Amino acid sequence: MLQRGYRSKGTWIPLWCVLLLCLPVAGCSRDGWLKLYGYDRASLLKKNMTQEDETLARDCVDLLFQNRFDEIEARLDPSVKNADTHEKLAEMSSFFPSEPISVKTVEAGVVHGRDSSTTTITVEYQFQRSWLLAHIVIRTKDGLRTITAFRITPTAEPLEVMNEFTLDDKGFSQYAGLLLALSVTALTLYAFALCIRMKIGRKKWVWLLAILAGVCRLTVNWTTGEWFFTPLAFLIPPVTISCTAYGPWMLQIFSPVGAIAFLRLRKGLASEATPLTVVPQAGPANEGSAQD
């Protein structure tokens, strides 16, 4: 009788594997996380802005604090100036309670276009009992820098504290995103460990890579709880977490299509790779045996 020489075995995932993937979510500091990618906060900010842009942004806020509105208007892009500009600048100036204790740039990003670039800079001003965030958008075209957006936002705490990764005081959307991320991580690890133990020949290396792949990105803003969906996206591994110098943590979850496909097809893959063995059957006694 022909039998397949394959015997299924149970597969388990070491708990430390799951804990290792959860470390960035559970307790890794922002400085430590950025250091993994070779950055600190200052170098990351400088990568996304020029010194000229930062100087222009801070100078405009200083002028606002000094009520020198005409000089600010001279630096505004013509597309954003109107009859109410002076009045709006005066209103923004009223947000400054006194001379700031400290000033630091907390966010910077740049978008390059065909013939121009747009830099967004956020500067944080600390006072005795409050903070202000100054958001400035600078457009550079043909060497000329103009301000296309200028906004002041009062806050009750520093931006770093507002965007700290913590499980306290979070809503359903954050907890749902975290649960989904842990579920995708566990599923991927299970399929990966199962594939390592299976004997499927050279196909194993292709499947190991496919198991770690994810498509269709779902991003969860850990500070606000907002969800964003990107249909055309691909990444290895399917769950990541990212952050900027002082901005919110972003939990990115991809659909683990490779892991799901492997788990659905694994029995067929194992059968194809398993050799056939011949198991002899017990038969009747030989007719030519000795007789009493």
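This is a predicted model: local features need pLDDT of at least 70, side-chain atom pairs count only at pLDDT 80 or more; totals for chains, interfaces and linings use all residues.
Close-up 1. The buried residues of α8 include Gln174, Gly177, Leu178 and Ala181. An α-helix has 3.6 residues a turn, so residues three or four places apart point the same way.

Close-up 2. His135 belongs to strand β4, which comprises residues 131-141. The relative accessible area of His135 is 17%, and because buried means under 20%, His135 counts as buried. Its side chain takes part in a polar contact of 3.2 Å with the side chain of Thr122. A polar contact of 3.4 Å also joins the side chains of His135 and Thr153. When neighbours within four places in sequence are left aside, the residues in contact with His135 are Ile121, Thr122, Ala149, Phe150, Arg151 and Thr153.

**Close-up 3. The aromatic pair of Phe96 and Phe127.** The structure contains six aromatic pairs. In one of them, the ring centres of Phe96 and Phe127 are 6.0 Å apart and the ring planes meet at 85°, so the pair is edge-to-face. Phe96 is located in the loop between α6 (85-93) and β2 (102-112), while Phe127 is located in the loop between β3 (116-126) and β4; the pair therefore ties together parts that are 31 residues apart in sequence. Phe96 is buried, with a relative accessible area of 9%, and Phe127 is buried at 1% relative accessibility. Ring pairs link Phe96 and Phe127 with Phe65 and Tyr125 into a cluster.

**Close-up 4. The aromatic pair of Phe165 and Trp249.** Phe165 and Trp249 form an edge-to-face aromatic pair, with 5.9 Å from centre to centre and 80° between the planes. Phe165 lies in the loop between α7 (159-162) and α8, whereas Trp249 lies in the loop between β8 (239-242) and β9 (250-255). The pair links distant parts of the chain, as these two residues are 84 residues apart. Both Phe165 and Trp249 are buried.

**Close-up 5. Arg41 and the ring of Tyr246.** Arg41 is placed over the face of Tyr246. The distance from Arg41 to the ring centre of Tyr246 is 4.7 Å.

Note on methods:
Residues are numbered from 1 along each chain as its sequence is written. Side-chain values use heavy atoms; hydrogens and water are left out. Buried means under 20% relative accessible area, exposed over 50%, partly exposed in between (1.4 Å probe, protein chains only). Helices (H or I, at least four residues) and strands (E, at least two) are DSSP runs, numbered from the N terminus. A polar contact is a pair of N or O atoms within 3.5 Å; within protein, one must be able to donate a hydrogen and the other to accept it, and residues adjacent in sequence count only if both atoms are side-chain atoms. Contact means heavy atoms within 4.5 Å. Rings of Phe, Tyr and Trp (its six-membered ring) pair if their centres lie within 6.5 Å; planes under 30 degrees apart count as stacked, over 60 as edge-to-face and the rest as tilted. A charge sits over a ring if NZ of Lys or CZ of Arg is within 6 Å of the ring centre and within 35 degrees of the ring normal.
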